[in-house]
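These are my notebook entries on the structure shown below. I set down what I looked up, in the order in which I looked it up.

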Amino acid sequence: MLKAVILIGGPQKGTRFRPLSFEVPKPLFPVAGVPMLQHHIEACAKVPNMKEILLVGFYQPNEELTRFICSAQQEFKILIRYLQEYAALGTGGGIYHFRDQILSGGPEAFFIMNADVCSEFPLPEMLNFQKEHGEPSSFVIMGTTANRKQSMNYGCIVENQQTNEVLHYVEKPSTFVSDIINCGIYLFTPEIFQHIGAVFQKNQQDMLDEQTNGNGWHRAEAIRLEQDIFTALAGQGKLYVYKTPAFWSQIKSAGSAIYASRLYLNQYHKTHPERLFVHTILLLTHTLGPNVSIGTGVTIGAGVRVRESIILHGATLQDHSCVLNCIVGWDSTIGKWARVEGTPSDPNPNDPYAKIDSETLFRDGKLTPSITILGCNVTIPSEVIILNSIVLPHKDLNRSFKNQIIL
Ligand code: GDD
Ligand code: GTP
């Protein structure tokens with residue numbers, strides 16, 4: 001049997017997601033109309049012999065997460081559990097800490113997935129690839145091609161082109177290493193824990209030698225899959241890269257959530273035409289789209305224009321308002337004839353390997369133009385223009401703003 005683990009991280013990460021992550025943990029933010037994580041879960045539930053999905057992170061258990069897990073278990077008929085780390089243990093430390101839970105029931109292999117990626121999740125293809133490559137207990141990383149410049153923002157993989165063995169792995173190198181990047185989706189066998197265990201032992205020994213203690217246990221348990229495990233496994237005949245031709249993107253910033261929505265909406269044509277249906281009805285009566293996701297309980301007035309945006313539940317777009325490249329927060333209101341607009345940070349359309357840049361908020365001391373984000377319960381008056389701005393929750397604006405963070 002098989003299992004899957006989704007690394008959901010915790011509250012201190014996701015700063016590029018503010019102010020949206022104030023209201024909902026980033027892994028539950030809706031992308032193409034459903035929580036980001038649901039796309040992973042759907043893909044796992046379709047894999048034959050998949051018995052359980054474990055979410056590993058350091059969020060305090062909260063109502064939203066519990067509710068999501070309950071409803072996803074029912075909808076996808078699969079066991080889902082949340083395992084909470086006592087501190088951020090890194091991408092390898094968390095799974096090592098919970099290795100007994102992962103191995104209980106005796107899975108012959110399990111997937112590990114970063115929560116903050118969007119993908120077609122070619123999991124069956126990875127299983128076939130594993131059967132065909134190397135020895136049965138080899139580990140597989142899903143990879144994709146990036147361009148030279150952007151590759152350095154990711155884990156970079158040098159492969160043996162005949163065998164697809166990973167010869168060399170460097171996490172976010174400072175000079176060009178390879179245009180094959182790590183997608184944050186792995187297929188492991190239980191043997192991976194021997195390798196992580198060896199790093200744990202070594203960390204512990206190093207600490208004894210240094211004679212430091214303090215929060216020692218935590219220091220020994222904090223292990224990164226990328227730097228601590230993959231770099232060492234490369235060239236040992238154990239680690240292989242499955243290069244996917246399918247779509248893939250990271251979801252780090254609010255702008256990349258809109259881009260990821262577009263990738264999933266395109267996929268819905270094939271997989272979930274019913275999810276597009278609601279939008280089609282709206283399309284006939286308003287000018288919405290392309291790439292618009294509308295939450296439940298959203299009120300849209302006459303003559304409203306929306307494109308490349310995510311409108312979260314309970315929002316109201318009054319008559320003739322115009323919303324372009326925005327995320328409109330829960331229960332926010334946009335007044336009549338108001339124009340709320342952002343600047344997309346889409347990948348270069350002329351470069352097939354371009355990825356979306358998840359920019360930092362500021363460059364050279366200035367706010368970089370990006371999509372406009374309205375936090376929850378923001379009110380925009382009639383006939384104003386809000387451009388490239390981030391508005392914190394519960395603000396009642398009284399005029400136009402441009403390139404500002406409104407606190
Ligand atoms: N449980 C747990 N505990 N999860 C964690 C922790 C932790 O301490 N730290 C990070 N994560 C989760 C995050 O929520 C995210 O889903 C994933 O692990 C990776 O997050 P980062 O450590 O921030 O790495 P990154 O996203 O910058 O880069 C990783 O992903 C890229 C692909 O998107 C690396 O694996 C890169 O090599 C890779 O290219
Ligand atoms: P096809 O994708 O080939 O049908 O091209 P198109 O020109 O009809 O689509 P367009 O470029 O306008 O939109 C790109 C994608 O966004 C398509 O997958 C559409 O289904 C989707 N889309 C367009 N408008 C909407 C909308 O209002 N809501 C939703 N959910 N999706 C939309």
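**Entry 1: a four-stranded sheet.** I began with Thr 333, which stands opposite Thr 379 in β27. I noted that strand β22 (residues 333-334) is joined to β27 by 2 bridges, and that these strands run parallel. I then traced the open sheet of 4 strands, whose order is β16-β19-β22-β27 with parallel pairing. I found β16 (299-300) and β27 (379-380) at its edges, each pairing on one side only.

**Entry 2: confidence and overall dimensions.** I recorded that the model is a predicted one. I read a mean pLDDT of 91 for the chain, with 94% of its residues at 70 or more. For the complex, I noted that the predictor gives an ipTM of 0.80 and a pTM of 0.87. I counted 11 helices and 31 strands in the chain.

**Entry 3: a six-stranded sheet.** I followed a second open sheet, formed by 6 strands in the order β15-β18-β21-β26-β29-β31, and noted that the pairing is parallel. I asked myself why one side of β15 (292-294) and of β31 (405-406) is left without a neighbour in the sheet. I concluded that this is because both stand at the edges, each with a single partner strand. Within this sheet, I found 2 bridges between β26 (residues 372-374) and β29 (residues 390-391), which run parallel. I saw that Leu 374 stands opposite Val 391 in β29. I also recorded that helix α10 (residues 254-271) packs on the sheet and touches β15, β18 (309-311), β21 (326-328) and β26. I noted an angle of about 95 degrees between the direction of α10 and that of β18.

**Entry 4: the surroundings of ligand 1.** I asked which residues are the closest to ligand 1. I found 26 residues around the ligand, the closest being Gly 9, Ala 88, Asn 114, Tyr 154 and Gly 155. I listed β1 (2-9), β4 (50-57), α3 (90-97) and β11 (180-188) as the elements that give two or more residues to this shell. I noted that β11 gives the most, with 4 residues.

Key: Residues numbered from 1 in each chain as written. Chains lettered and ligands numbered in written order. Predicted model: local features only at pLDDT ≥ 70, side-chain atom pairs only at ≥ 80, totals over all residues. Near = placed C-beta within 6 Å. Pairing = 2+ DSSP bridges. Contact = placed C-beta atoms within 7 Å. Axes fitted to C-alpha atoms, helices over the stretch in contact; angles between N-to-C directions. pLDDT = per-residue confidence, 0-100.
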